[in-house]
Amino acid sequence: MVMFLFLVVALAVVVAAVTLAVVGGGESAPLPEVAPERLQDPLPEDRPVSGADVESLRFPLAPRGYRMADVDDALGRLAAELAERDARIADLESALAGARAAAAHVHQVHDVHDVRPDQGEGAEERR
């Protein structure tokens with residue numbers, strides 16, 4: 001019987017201690033609000049996103065958030081694809097500029113060698 005009484009008292013003390021710890025021990029002020037953590041390096045809004053922008057992007061830590069390894073893998077793949085896209089666009093723009101320059105050169109050469117009947121040799125004879 002003494003053992004039972006001791007267990008009941010010990011259980012009451014444990015319940016009281018846990019209740020005080022959860023409630024806050026009688027403190028009158030609630031915990032201050034904490035601003036949520038935000039991205040420190042957001043993506044640029046004034047220009048297209050580059051592969052380097054994605055590589056430098058870091059998400060804040062959060063309880064119950066995404067697995068960092070999964071996010072890093074996805075961002076790494078996205079950065080690589082953006083870099084590949086940017087290189088392909090640069091190659092195509094370079095090829096287009098070369099084709100335009102060649103076409104302009106051919107057009108100039110054609111204009112120089114194009115002799116109209118009223119300007120070239122024999123123009124005097126036709127008049």
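Which residue forms a salt bridge with Asp-53? The partner is Arg-47, and the closest N and O atoms of the pair are 2.7 Å apart. The model described here is predicted. The protein has four helices and zero strands, and its elements follow the order α-α-α-α from the N terminus.

- Asp-53 sits in helix α2, which spans residues 51–56.
- Asp-53 counts as buried because its relative accessibility is 13%, and the cut-off for buried is under 20%.
- Arg-47, at 42% relative accessibility, counts as partly exposed.
- Apart from neighbours within four places in sequence, Asp-53 is in contact with Leu-43, Pro-44, Arg-47 and Pro-48.

**Other salt bridges**
- The structure holds three salt bridges, including the one between Arg-47 and Asp-53.
- Another links Glu-81 with Arg-77, with 2.8 Å between the closest N and O atoms.
- Glu-81 and Arg-77 are four residues apart in helix α3, so about one helical turn separates them.
- Glu-81 is partly exposed, with a relative accessible area of 41%, whereas Arg-77 is exposed at 59%.
- Asp-86 is partly exposed, with a relative accessible area of 30%, and Arg-85 is partly exposed at 36%.

**Nonpolar core**
- The largest nonpolar core consists of six residues: Val-54, Leu-57, Val-71, Leu-75, Ala-79 and Leu-82.
- Helix α3, residues 68–113, gives the most to this core, contributing four residues.

**Surface**
- Val-14, Val-18, Val-22 and Val-23 make a nonpolar surface patch of about 400 Å².
- One of these residues, Val-18, is found in helix α1, which covers residues 2–23.
- The accessible surface of the protein comes to about 11,700 Å², and carbon and sulfur atoms account for 62% of that area.

**The protein overall**
- Of the 127 residues in the protein, 8% are buried, and Asp-53 is one of the buried residues.
- Among contacts with a separation of 6 or more, 35% are between residues 24 or more positions apart.

Conventions
Residues numbered from 1 in each chain as written. Predicted model: local features only at pLDDT ≥ 70, side-chain atom pairs only at ≥ 80, totals over all residues. Heavy atoms only, no water. Helix = DSSP H or I, 4+ residues; strand = E, 2+ residues; numbered from the N terminus. Buried < 20%, exposed > 50% of the residue type's maximum accessible area, 1.4 Å probe, protein only. Contact = heavy atoms within 4.5 Å. Areas by Shrake-Rupley, 256 points an atom, 1.4 Å probe, with all protein chains shown as cover. Core = buried A, V, L, I, M, F, W, Y, C linked by side-chain atoms within 4.5 Å. Patch = residues over 30% accessible without salt bridge, like charges linked within 9 Å, V, L, I, M, F, W, Y side chains within 5 Å. Salt bridge = Lys/Arg side-chain N within 4 Å of Asp/Glu carboxyl O.
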